[in-house]
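Here is a short report on a metal site and a ligand site. Take a look at the model before reading on.

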Amino acid sequence: MQTVEQIFEQNKTPASLVSAIQAVLTASKDITHLLQKGAMAGVLGSAEAENVQGETQKKLDVISNDLLKDTLKACPVVAGIASEEEDLPVVANNDGEYLVIFDPLDGSSNIDINVTVGTIFSILPSNGGDPAEEATYLQSGRKQLAAGYVLYGPSTMLVMTTGQGVDVFTLDPSSNEFYLTEQQAQITASTQEFAINMSNQRFWAEGVQNYVADLLQGEEGPLGKRYNMRWVAAMVAEVHRIITRGGIFMYPWDNRDVKKPGKLRLMYEGNPMSMLVEQAGGLSMTPDGHIMDIEPELIHQRVPVFLGSKEEVEVAMSYQNK
Ligand code: AHG
Ligand code: MN
Ligand code: MN
C-alpha cells in the first residue's frame, strides 16, 4: 500500500504545497482521536459562543478550528487562514505562498449522535497579497491549488485533489498514516439516488419544486426511473457517498430567510467540494453556472449547490429556467 507521501512524490506535488496539506492532515489526526474519545473527552455539547453567522458553535467546532489554526500558523508556507469559525482572516506567516480556507467540522449537528462529520479544506495561492485582508482570499474556485476533505466516520478517510484527479486514502489507526485505498476515483455519470432536505420543500423556488416532484414520480414520471433518497445532513458525507457510488446532492436557495442565498458556504464548502466533484468527472453547479466560476465577494458568502453525477445535475439544471 502506498502512503499519501508516496502519492505526492508520484504526482510531483510541489514540496511547499505538500507541507501545507500535511499541516491539515496533522490536525485531522488529532481531531480523529478526539472524536473517537467521544463523550469521554468531555468535548460534546454546545459551547457558549456563537459564530459569525449566528449559529451555535459546538465545542468540537471550536476545538477543531483551534487545532487547524495552530498547525497551519506553525507552517511557514501558509500566509493566512480563513475558517467558518473565524469572523476575519487570520495571519499566519506574511511571506507564505498559500491561503488555507476550511470548515473545521462539517455536519457538526451529527456529533452528538455519533454520526459522520468531516473537515473540508481549500488551498489558494496568496499571490503576495496581505493575508490580513479579506480581498486576498476572494479568488474563484478555479484558482484552487488543492482541495479535499477528511471524513470522520467508521474509518477516517482523506479524499483529495491537487488538480490531477481524486485520490482516496484511509487512516490506518495502528500506524497513524494515510494509505491510498482508491486511485483516480470517478463519479458515475448517471444515478438513481438524490439527497435534499425535503422538509424545506415548501420554501424552494419553482424549478426545484418541479424537479423534485418529478424525481418522486419515479418510473411513472417524465424522468422514467425510480429514485432512492439519502440525507445524512453533513455535506461531507453526502459528497463522499456520491464519489463512492454516484448521486445528486442539492442544497438550493429557499425563502426561509431571504437575506441568505442558500445555506452552504462558497469558499469552504462549495468550492472545495466542486473541485473534487469535477476532478472526479462530476458536475457542480449553482443556477447561474459552475460554482467554481463565481467571483467571491465575501469569505462567508453562501451559494445554492447542485452537485454529483453529471447527467443528473444537467437534468436538475434544465428545470431551473422552466
Ligand atoms: P456545518 O455543520 O459546518 O454548519 O454545516 C452543515 C451543513 C451541511 O454540511 C449540510 O449539508 C447541511 O448543513 C445540513 O443542513 P440541514 O440542517 O438543513 O439538514
Ligand atoms: Mn459545513
Ligand atoms: Mn462547520
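**The metal site**

This is a predicted model. Three residues coordinate the manganese ion (ligand 2): Asp103 (OD), Asp106 (OD) and Glu269 (OE). Their distances run from 1.8 to 2.2 Å. Along the chain, these donors follow the spacing D-x2-D-x162-E. Distant parts of the chain are linked here: aspartate 103 sits in strand β5 (residues 98–106), while glutamate 269 sits in helix α7 (residues 266–279), 166 residues apart.

The manganese ion (ligand 3) is 3.7 Å from the manganese ion (ligand 2), and aspartate 103 coordinates both.

Are aspartate 103 and glutamate 269 buried or exposed? Buried means under 20% relative accessible area. Aspartate 103 has 0%, so it is buried. Glutamate 269 has 1%, so it counts as buried too.

**Around ligand 1**

Ligand 1 has 17 residues around it, and Asp106, Gly107, Asn197, Met235 and Tyr251 come nearest.

| Residue | Polar atom | Distance |
|---|---|---|
| Leucine 105 | backbone | 3.4 Å |
| Asparagine 197 | side chain | 3.0 Å |
| Methionine 235 | backbone | 2.8 Å |

Taken alone, ligand 1 exposes 470 Å², and the protein buries 85% of that.

By class, the shell has eight nonpolar, three polar and six charged residues. Strand β5 gives the largest share, three residues. Both β5 and β13 (248–251) supply at least two.

Where does ligand 1 lie? Domain 1 (4–182) and domain 2 (193–318) both give residues to its shell, so ligand 1 lies between them.

Conventions
Residues are numbered from 1 along each chain as its sequence is written. Chains are lettered from A and ligands numbered from 1 in the order in which they are written. This is a predicted model: local features need pLDDT of at least 70, side-chain atom pairs count only at pLDDT 80 or more; totals for chains, interfaces and linings use all residues. Side-chain values use heavy atoms; hydrogens and water are left out. Donors are N, O and S atoms within 2.8 Å of the metal (3.2 Å for Na, K and Ca); water is not among the atoms, so sites may look incomplete. Helices (H or I, at least four residues) and strands (E, at least two) are DSSP runs, numbered from the N terminus. Buried means under 20% relative accessible area, exposed over 50%, partly exposed in between (1.4 Å probe, protein chains only). A residue is near a molecule or strand if one of its heavy atoms lies within 4 Å of it. A polar contact is a pair of N or O atoms within 3.5 Å; within protein, one must be able to donate a hydrogen and the other to accept it, and residues adjacent in sequence count only if both atoms are side-chain atoms. Accessible areas come from the Shrake-Rupley method with a 1.4 Å probe; for residues, only the protein chains shown count as cover. Ala, Val, Leu, Ile, Met, Phe, Trp, Tyr, Cys and Pro count as nonpolar, Asp, Glu, Lys and Arg as charged, and the others, Gly among them, as polar. Domain bounds come from an automatic or database domain assignment.
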